[in-house]
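Please keep both in view while reading the points below.

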Amino acid sequence: MHLLYSIFVDPFMQMGHAPDLLVQTLWDGLVSGVLYALIALGFVLIFKASGVFNFAQGIMVVFAALTLVGLNEHGVPAYVALALTVVVMLVLAVAVERAILRPLVNQPEIILFMATFGLTYVLIGLGELIFGGDPKVMISGELGLPSGSYRINMLGGYVQLQKIDIAAAIIASLMVAGLGIVFNRTRIGRALRAVADSHRAALSVGISLEQIWVVVWFAAGVVALATGIMWGARSNVSFALEIIALKALPVLILGGFTSIPGAIVGGLIIGVGEKMGEFYWGPLVGGGIESWFAYVIALVFLLFRPQGLFGERIIERL
Amino acid sequence: MTETEARAQRIGAPVLAVEEVSLTFGGVRALTEVSFDVREHEVRAIIGPNGAGKSSMLNVLNGFYQPQHGIIRFRGREFRGMKPHVAATMGIGRTFQNIALFRGMTVLDNIMVGRNLKMRGNLLQEAFWLPAARREEIEHRRAVEEIIDFLEIQHIRRTPVGQLPYGLQKRVELARALAMEPSVLLLDEPMAGMNLEEKQDMCRFVLDVNDHYGTTIVLIEHDMGVVMDISDRVVVLDYGSKIADGTPDQVRSDQAVIDAYLGVAH
Amino acid sequence: MAADIGALDTFPKLLLHHAKVRGARPAIREKDRGIWQTWTWTQLADEVRVLACGFADQGLKRGDHMALVGDNRPRIYAAMCAAQCLGAVPVPLYQDAVAAEMAFPIQNAEIALAVVEDQEQVDKLLEILPQCPTLKHIYYDNPRGLRHYAQPQLASYDRLREIGSEAAKRDPGFLEREIEKGAGDDPAAMFFTSGTTATPKGVVLTHHALIDRARAAAEMEGLTDRDVVIAYLPPAWIGQNIFSYAQPFATGYCICCPESAETLMTDMREIGPSYYFAPPRVLEALLTQVSIRMEDAGRFKRALYRHFMDVARRVGGAILDRKPVGMAQRLHYALGDLLVYGPLRNVLGMSRVRVAYTAGEAIGPDLFRFYRSIGINLKQLYGSTETSVFVCVQPNGQVKADTVGPAVRGVELKFTPQRELLIRSPGLFREYYKNPQATEQAKDAEGWFHTGDAGYLDADGHLKIIDRVKDVGRLDDRTLFAPKYLENKLKFFPYIKEAVAFGHARDRVCAFINIDMEAVGNWAEKRKLAYTGYVDLASRKEVRDLITQCVEQVNADLAADPELAGSQIHRFLLLHKELDADDGELTRTRKVRRGYIAERYASLVEALYAGKESVHVEAQVRYEDGRTGQISADLSICDARSFPPAAAREAA
Amino acid sequence: MFYREVGQYKTSYAADQALLPILQDRIGIAVILLIAFVAVPLTASNFALDSVLIPILVLSLAATGLNLLTGYTGLLSLGTGGFMGVGAFACYKLTTFFPNVNIIFLILCSGFFAAAIGTVFGLPSLRIKGFYLAVATLAAQFFLSWCFIRIPWLYNYNISASIEVPTKTMFGLAVTGPTASSVTRYLIVLSIVAALVLMAANLMRGRIGRTWMAVRDMDLAAELIGIRLYQTKLLAFAVSSFYCGVAGAMMVFLWLGNAESESFNINQSFLILFMVIIGGLGSLLGSFLGAALIWGLPIVLRHAPDYLGLHIRSATVDQSTFVILGVLIIFFLIVEPHGLARLWQIGKQKLRVWPFPY
């Protein structure tokens, strides 16, 4: 009885009693949701265009952030370092296309998936070899990102909003909008959408598959860089981030592997759900449920809607 | 008594019947109030132009699709819709238009899978390869070898099915369905994509199966040619509705059928 | 002349003997339902008992004939023995013969009862039933597809067994009594010779003849009941009957029936026969397979293969014959045995072969040496249906490529002035059934059998056969011309499938050649030579050059032989179609019918001798699916270099 | 070339369906077993046993477990580490509750706990496939990892939050704990692995193995043949988890001697998955080859500089190892996507038809 009470009644009473805390939790959830969404976005871009489940997206975030900070540490001015990092991500995209995608074309999904594992190892090793394994501090100041926070009094208490979080949200929105434009307005974008439907259709647009792969991996790299900067500004730049990047997986399940809006909405739902779960229900079991709560949300969701939020119903044929 | 008479005599009472079956997919009508029956031991063909709803009909028969209206009667029992493994348990076997073999396995293993419903071995017996498991395995291997011999595929017994040419894959699929010892066998375009010689072989096998095992056969074809020679009765579907039903000769001379095949506008 | 063969003078008696002394040993294995099903001698004897009682019940009597049509199956052999138990004469017929070809033997032997394998054979017999009123019972082994056949003559093998079982129960001693009545001089079987020109003749062989010859060869080779033979040639052919019926009954060894023609290679590899027979065409096809597959191998393996085959060619034969060979050479060969010959014998399924025979026609010496050089004890033998096969056999250690060995125990040989070989042997046939005239022609009053083969004994007493007496010709300058000898030499090249040589009463030798589609096709692919089909391929300049090289090679060889140097091939053409038994150009055993071909392609022959550059041809061809079509083509005629005879060269 | 198969014919289905129908294979396995059971214990150093052979054997078993699920049944799982952990902690609790029961028995029993948990987490496989299922199993992984940390009861409320393996004896010989000799532990691990792999091979040649493969190759057709997908998939999860659980228990009790929850985290799952993929999906042999390669390679790389006489900072070596391992994984996938087992298959086929190419 007590258990049921503490699961189904108590948390909601708490929410009612302290609405400011509820808003704060929601906000925190949304912010981490934005970051999940960004990582998921990287996944979706690549999966949509090349059918590769890119496990290395998480480490790409770390690698991009490390490169940025590392370059800066070696005396490269922040904005130059930023530009250089973008170039590095381009080089990476080309390398991936040449060394992995091209030789493995037409292999089963799982093989490509495993290859991105290999890529993960390579990036971890390279990152540590070049920049060392210690956590680093993001150069948010140098990049002109705001720090500090707004304190808004409301609902009988107050809610604290970090400026960097607001910036993150804005940048993320801009990025999504930008991608949207690229997708819908440019020739490359049309090819990208075509390739998601059928490889041959893409070829008929006159763009080679190889080019498309480079473009999406590069786009995913840039998204990873942005994610890395945001994330790094909030905590540190370290390899621990790689595991957190796995949080993007439940997001994908929620949103579907090929839907960009799905990635955004899914990210926000997971972010909010996870924070709420941790804050209101976590104490019941000793806390720390953040590590798996997102998966459980996704799993429950999956059982009722296997095709995801925005996916179409699958009719199986024989 | 001639051979034809002997063949005609074996046909018995209806075993399978569909009554006013309708099936829609998200508003698209695949089947409209189709009714027909299948008699014991007969070779029953369902023909019709492409997209006439033949495959949907077969999928309804063995429970892969659930019809919105109508009932299926099988050996005196009524079903609103079948469940695939229930259909399998009751003795409805099936082959597929686009070969649905287990590509990573050998011919022998594919056919052995067909024996699954008849096998009882449990985890413990199999893990320790106890005499019970061994006996069962051998017993069913024997049954499978009969089928391999019957369909003349001895030489490819150990070949992974993925490496076989199309015609042989079709034959292996028939073998796998036969391994279930079905009383009714549904064949989905068994001769599609074959050359003349392969078609003749397949016809012979279908007739032999019908003859030797007494299996009732329901087969789909869009090509009228060969099927007419081997069927006892033919149903013709067009745009999801039945337009004719009768012996091959009756059907062949039916105006609606001729129109459907010549593509006269509706 | 009649050598004593003891008390076990009929096959049924031998069967009972084996059932008694080695009842649990395998008599016949059959790959069926995926495994080698074994019939022990006891089981075989039991089966024969049931069948014999069944046959007797169905009215089969002493002296009657019974037809057997089917592949090598234990039940066919059991039926054969069952008939012999009753003193009836089994007549095995070729299972691939068309219906019309079966009518004659059935009428000739007044056959009332037939045991056949399956629907295919039943259909054929039913087709000729109106011409064969004597045929009253047809028993089929495989009931597949026969369920609705309503003919009263038909019954299944299993039904026959039921009848037999009941009859055996009623009179358990029946079989033994019947077997006792049999004697060695009774006819044991009748084989119809594949008449290439005339009507077939039924060769009647007695138990005595067959058993005596089977034993003579078995003793010579030391065959025991541990030997294993794979039965894959038509049972209606005397050779197959000797190796898979007479000799196993004589020695008690086990025969193995493959599952189907497609699985023969695999099945043979599984069984690993110790005693093997193959006509030259089979050996040739195998070697072609070997060559083609080796061509596809990687550079390293090809080099390895070529190197060690060179070694084998030099010393392999000598080592097999236990002749002195240097230590270094021996080691070299042993290494080759590990790396190439052993594995090769293994993939060919011949690792365990102790004795292998080839016969039926002359074998190309290079082909012959190939098998010997890789350590397979392949030997030639000479014989025919009329002689119960074994006339001459090459003994171990005395194997030559161009002879067929000395006479086997009990055989006498002599020659007519025309070089025709005459034979007297305990294995001779009794008569041609209902054909006293032919019998008289073939077998004279003193019991000499006139073979029709031309040949002579060489210095070691080995028989050398050149050709059929009637085919041996002379060029118009009286030079000896043995067409088959030339053809065989050509056919040894993997690229040449068939050859027909002309030259009798002409000024020089010319030839038709069929390319081997598989080998030449492979060769062309390697050279990125596109072609559409046989006709196109055969008309390619590159292919003509390839074959010209082969012909010139043959000419060089011939030049070395003083007797035959004059019959070098001067001109040849590549035929526009493959010679085919269905068109009557080959016999069923794939021998070329030279006369018929010369007649049919007279214009081509003329063109060869008229010295033309090319000749236009129009012909009807039959495609694989049974359709026929018209083709027309210009065939180029090629000239081949010839060489001065070795003797002349030495003199010069 | 060494396969001389002439004369190896089968006169019964029992012989035809034997695990190793070819004589030369039987000899090969016999030789390998002889080496493993006799030669190795006599000659191998403690380092070789503790750091190379025991880990490879334990990991092979885990890989076999995952291979049953992923390679044979076609269900991708990323929860292997978690299921191994269940086995390990179950075994630890069992030794606490039943201190006098034979340890080998307990190790095997702990597999059943893993099987039960695995079945529960396999439930989503009834609705979802492919990567979606993989993510669902990740949920299991993270949830279980969390349990291993947050439920102190599991590690008997140790301050260090880790398992300390008690010393257990059999026939007076220490088999677990700090005093157990490497050879003893090696032989026990080897025996268990050999027995379980034999059982797996038996399963795969019988009805159950065939239904799994049928579900893998084409689940719809399998269903229409009368295979119940739910039961089949859940059974696969159960058996697979059993193997992983036993491997986990052996890992703690017979290899490491102690363990923290870290040993069973997501990285472990990925590592095992690597072994299966590099070794060969759907091949028991592949599980061993993959484990040997993925475990052995870093050891070789780590020691290579010493052998070559180079002196490199150990951190640098570790980092380079990562890079090289990553590159090699990609390389192997490109060279033979079907894994090492396929390479062996191809090689064996070449030997069988030698000197022919096919």
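How many bridges join E16(C) to strand E17 of chain C? In this predicted model, four bridges join the two strands, E17 covering residues 420-424, and they run antiparallel.

**Sheet in chain C**
- E16, E17, E19 and E20 of chain C, in that order, form an open sheet with antiparallel pairing.
- Strand E16 (412-415) and strand E20 (463-468) are the edge strands, each pairing on one side only.
- On average, neighbouring strands of this sheet are turned by 50 degrees against each other, direction ignored.
- C:Phe415 has C:Leu421, in E17(C), as its bridge partner.

**Domains of chain C**
- The domain assignment divides chain C into domain 1 (11-206 + 238-258), domain 2 (280-468) and domain 3 (473-651).
- Between the C-alpha centres of domain 2 and domain 3 of chain C there are 25 Å.
- Their contact involves 14 residues from domain 2 and 16 residues from domain 3.
- On the domain 2 side, helix H11 (280-295), helix H14 (365-373) and E20 of chain C each supply at least two residues, and H11(C) gives the most, with six residues.
- This side of domain 2 comprises four nonpolar, four polar and six charged residues.

**Contact between chains D and A**
- In this contact, 33 residues of chain D meet 42 residues of chain A.
- Helix H6 (130-150), helix H11 (266-279) and helix H13 (314-335) of chain D each supply at least two residues of the chain D side.
- H13(D) provides the largest share of that side, 12 residues.
- The chain D side divides into 26 nonpolar, five polar and two charged residues.

Technical notes
Residues are numbered from 1 along each chain as its sequence is written. Chains are lettered from A and ligands numbered from 1 in the order in which they are written. This is a predicted model: local features need pLDDT of at least 70, side-chain atom pairs count only at pLDDT 80 or more; totals for chains, interfaces and linings use all residues. Two residues are in contact if their C-beta atoms, placed from the backbone, lie within 7 Å. Ala, Val, Leu, Ile, Met, Phe, Trp, Tyr, Cys and Pro count as nonpolar, Asp, Glu, Lys and Arg as charged, and the others, Gly among them, as polar. Two strands pair if DSSP finds at least two bridges between them. Axes are lines fitted to C-alpha atoms, for helices over the stretch in contact, and angles run from 0 to 180 degrees between N-to-C directions. Domain bounds come from an automatic or database domain assignment.
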